[in-house]
Amino acid sequence: MSYVEASPLGARARRRRIMRRRFLRRPAAVISLVIVVGAVLAAIFARWVAPYSPDQTDFDAILAGPSREHLLGTDELGRDTLSRIIWGARASIQAGFLATVLAMAVAVPIGLIGGYYRGWLDTVIARVTDVLLAFPFLILAVGLAAILGPSLLNATLALGIAAIPPLIRIARGETLALREEDYVRAAVANGANDAVIIGRHILPNMTSTLLVQATLTIPAAIIGEAVLSFLGLGVQPPTPSWGVMLNAAQPYLNEAPSLAIYPGLAIVIVALAFNLLGDGLRDVLDPKTER
Amino acid sequence: MGVFILRKLGAALIVVFLASVVVFVGVRAIPGDPALALAAEDRDPEVLAAIREKYGLDDPLPVQYVRWAGLALQGDLGTDNRGIPVSETIVTRIPLTLELAGLALLIGTVLGISAGVIAAVRRGKASDYAATSVALLGLSVPHFWLGLMMIIVFAVNLGWLPAGGYVSFREDPVGNLEHMVMPAIVLGAGLSAVLMRQMRSAMLDSLGADYVRTARAKGLSEWSVVGKHALRNSLITIVTVIGLQLGALISGAVITEQIFGIAGFGRLTVDSIAQRDYPLIQGVVLVVAVGYVVVNLFVDLTYSVINPRIRVSGGASK
C-alpha cells in the first residue's frame, strides 16, 4: 500500500519541479512575475515606499516637471505624481484581486454544479449566462456601478459581478468535458459520491485553466477600475487612483502632459505583466501549447 | 438550414426578452426616486403624486414592465426627463457611433488580419516577434489612455488633428474624417490586437493542415496556398472572434466618445446614467442589448454559411 501512496506523491513533486524549470525558462513570464509582486508590495507598503503622502501639497511646485524632489513631477495642487501613483496602486490591485476572487467564488461553483448535474438547472444556468453575456463587460460594470453608487468597494463589486458570466461559461465547459474522463468514470465505478468526484477529480483538474483565467481577469478588472474611476463611478477624488489621476489630467494635456502619461504607463505595465504572466502560466501548465 | 435559423432566432428572442427584464429591473434598482428627478425643484407631495400617477410609477412592477415593453415593441421608448422622446434621441445619436464603430472595425480587421497573416507566414522571424509584441501591448493599453496619448501627440504637440468634437459627414466630409481618425484608431487598436493573435494561431493551424500540404504538393504557388487555402479557412475563426469582440467595441465606444467629446450613443449612455434619467437609461441599454444579440445572431448565421459543418452538428457548436 505504501508503494501505491508514495508513487503519485513523487510524481507530483517531480512534475512541480519540471513546471518550475519550464517557467524559469521564460524570461517574459519571470520578469512579469517580478513586476506583479513588486506592484503588490508597493501597494501594500505604500506608506513607506512613497516619498510623500498622496495628499501633501507643495505650492512651490505646481504642475512642475520632473525634478530631484519630485521624480515624476507634480499635479495642479503640487502633489507628487510618483507618490500618488504608488498609492493609486492600492485601488487598482485591490479592485483587480478582489473582483477576480469574487467572480471566481461565485462562478466556479455555479459552473461546476451546472456542468456536473446537467438537467434543467444547467439549462437555466446556461440561459441566464447567455443573457448576461448580452451585456458587454464594461457596460454591465458601468450599469452596476451606477446602481451601487460611486466608491472603490462598489466599483470592485460591479467589476466582480460583471466578470461572473464568462467565468461560469468556462467552468461549466471544463466540467462538461472533465466528467466524461476515464478517471471520473473510474471514481463513479468505485462508488465515490458527487462531492468527492467534484472536489477531488474535477476541480483539481481545472485549476490550471482557472488560474490562467484569473491572471487574465485581474488586468481586465484593473483596467475596469481605472475606467470606472475615470468616468467618476469608482474611486472619488482626492483619493488617488490611476483612473482618477487620468481624469484630473485632462484639462492639463497642454501644460503638463506627464500627468496623463505616467498613471497610464502604470496601468499598461501592470496589465501587461499580468497578461504575460497568464501567457507564461498557460504554456507551463498546458503541455499542448508547448511549441 | 431553415430549422437552424429558426432555432437560433428563437434563442435570440428569448435572450432579448430576458435582457429587457434585466434592464427594466436593473434600472429600478438604481437608488433615487424617479418622481423626484422628474419634479426637479418641486418637492410638493401633490406634484409628486401627480407625477407618479401620470407615469404609472405606483403600479406593480410587472404591470409597468408590460406597458413599457408593449410600447417599446412599437418603437416608443417613452420620453426622457426633459420631455424629449427617447427613441428620437437614440436615433439621432446612433449614426455617430455607427460611423465610429464602422471605421474602427475597418481599421481593426485590416490591421489585425494582415499582421496575423504576416506573423504566421514568417513565424519565428523578426516580423513575427514585432507583430506579436505590438499586439500584446495593444491588449494591455486601455482605450482611454491611448486616446489621451494620441491627443497629446497629434493634437497638442503636432497640431495635425482636432482634439475632439464632431462634424457631420454631409456638411464637411474631410472635417468629418479628421475628427474621426483618432477615435477610430483608438477604438480599433484593441480589436486589431485580438484579431492579430487569433489570426496568427488560426493561420498556423491551417498552414499545418493536410489540405495545405496537398495544395503545395500540387505545385500551387505560395501566394495561392496562403491566400486561397489557408486564409479562407482561417477567416471562419475570425468571423466568430469579431462577433465576440463587438461587446468590447461597444464598451470601448463609450470611453472613446467620452474622451473625444463625440456626442454619440456611448456618450448618451454615460450621460443618461449620470443624470439618473430612467427612461433614457432603459432605452439606451435595451438598444445595446438587442443590438448585441442581433449582431451575434448575424455572426452565427454567417458562420454557418462559411462553414457548412456547423449546420449539420446543429447549435451544439456554441
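Q: Is the crossing of H8(A) and H10(A) right-handed or left-handed?
A: In this predicted model, helix H8 (residues 164–178) of chain A packs against H10(A) with an angle of about 145° between them and 10 Å between their axes. The crossing of H8(A) and H10(A) is right-handed.

Q: Which residues in H10(A) do the residues of H8(A) meet?
A: On the H8(A) side, the contact is made by Leu167(A), Ile170(A), Ala171(A), Glu174(A), Thr175(A) and Leu178(A). The residues met in H10(A) are Ile202(A), Asn205(A), Met206(A), Thr209(A) and Gln213(A).

Q: By class, how many nonpolar, polar and charged residues are in the contact of H8(A) with H10(A)?
A: H8(A) brings residues such as Leu167(A) and Glu174(A) to this contact, and H10(A) brings residues including Ile202(A) and Gln213(A). Sorted by class, the contact has six nonpolar, four polar and one charged.

Q: How many helices does chain B have?
A: The elements of chain B, taken from the N terminus, run α-α-α-α-α-α-α-α-α-α-α-α-α. There are zero strands in chain B, and its helices come to 13.

Q: What percentage of the residues in chain A is buried?
A: The C-alpha trace of chain A spans about 75 × 45 × 30 Å along its principal axes. Among contacts in chain A with a separation of 6 or more, residues 24 or more positions apart account for 69%. Of the 291 residues in chain A, the buried share is 46%.

Q: What percentage of the residues of chain B counts as buried?
A: Along the principal axes, the C-alpha atoms of chain B fill a box of roughly 85 × 55 × 35 Å. Residues 24 or more positions apart make up 73% of the chain B contacts with a separation of 6 or more. Chain B has 318 residues, and the part that counts as buried is 37%.

Q: Which elements of chain A give two or more residues to the side that touches chain B?
A: The two chains meet through 30 residues of chain A and 35 residues of chain B. On the chain A side, the elements giving two or more residues are helix H5 (119–133), helix H6 (137–148), helix H10 (194–230) and helix H12 (258–285).

Q: How many residues of the side of chain A that touches chain B are nonpolar?
A: That side of chain A holds 30 residues in contact with chain B. Five of them are polar and one is charged, while the nonpolar residues number 24.

Q: Which residue of chain B does Val142(A) touch?
A: Val142(A) is listed with Ala134(A), Ala141(A), Leu246(A) and Ala289(B) as having the most contacts inside the largest nonpolar core, a set of 159 residues. Leaving out residues up to four places away in sequence, Val142(A) touches Leu228(A), Leu231(A) and Leu233(A) and, from chain B, Ile273(B).

Q: Is Ala273(A) buried or exposed?
A: Ala273(A) is found in helix H12 of chain A, where it touches Ser32(A), Ile35(A) and Val36(A), not counting residues up to four places away in sequence. A residue needs 20 or more other C-beta atoms within 10 Å to be buried. Because Ala273(A) has 24 such neighbours, it counts as buried.

Q: With which residues is Met150(B) in contact, leaving aside neighbours within four places in sequence?
A: Met150(B) lies in helix H7 (residues 143–157) of chain B, and it is buried, with 21 other C-beta atoms within 10 Å. Once neighbours within four places are set aside, its contacts are Met182(B) and Val186(B).

Q: What is phi of Arg118(A)?
A: Arg118(A) is found in the loop between helix H4 (81–117) and H5 of chain A. Most residues other than glycine have a negative phi, and most peptide bonds are trans. Arg118(A) has a positive phi, near 50°.

Q: What is omega of the cis peptide bond that joins Pro237(A) and Pro238(A)?
A: Pro238(A) is found in the loop between H10 and helix H11 (242–249) of chain A. The bond to Pro238(A) from Pro237(A) is cis, with omega at about 10°.

Methods
Residues numbered from 1 in each chain as written. Chains lettered and ligands numbered in written order. Predicted model: local features only at pLDDT ≥ 70, side-chain atom pairs only at ≥ 80, totals over all residues. Core = buried A, V, L, I, M, F, W, Y, C linked by C-beta atoms within 7 Å. Buried ≥ 20, exposed ≤ 12 C-beta atoms within 10 Å, placed from the backbone. Contact = placed C-beta atoms within 7 Å. Helix = DSSP H or I, 4+ residues; strand = E, 2+ residues; numbered from the N terminus. Nonpolar A, V, L, I, M, F, W, Y, C, P; charged D, E, K, R; others polar. Axes fitted to C-alpha atoms, helices over the stretch in contact; angles between N-to-C directions. Left-handed = near helix turned anticlockwise from the far one by under 90°.
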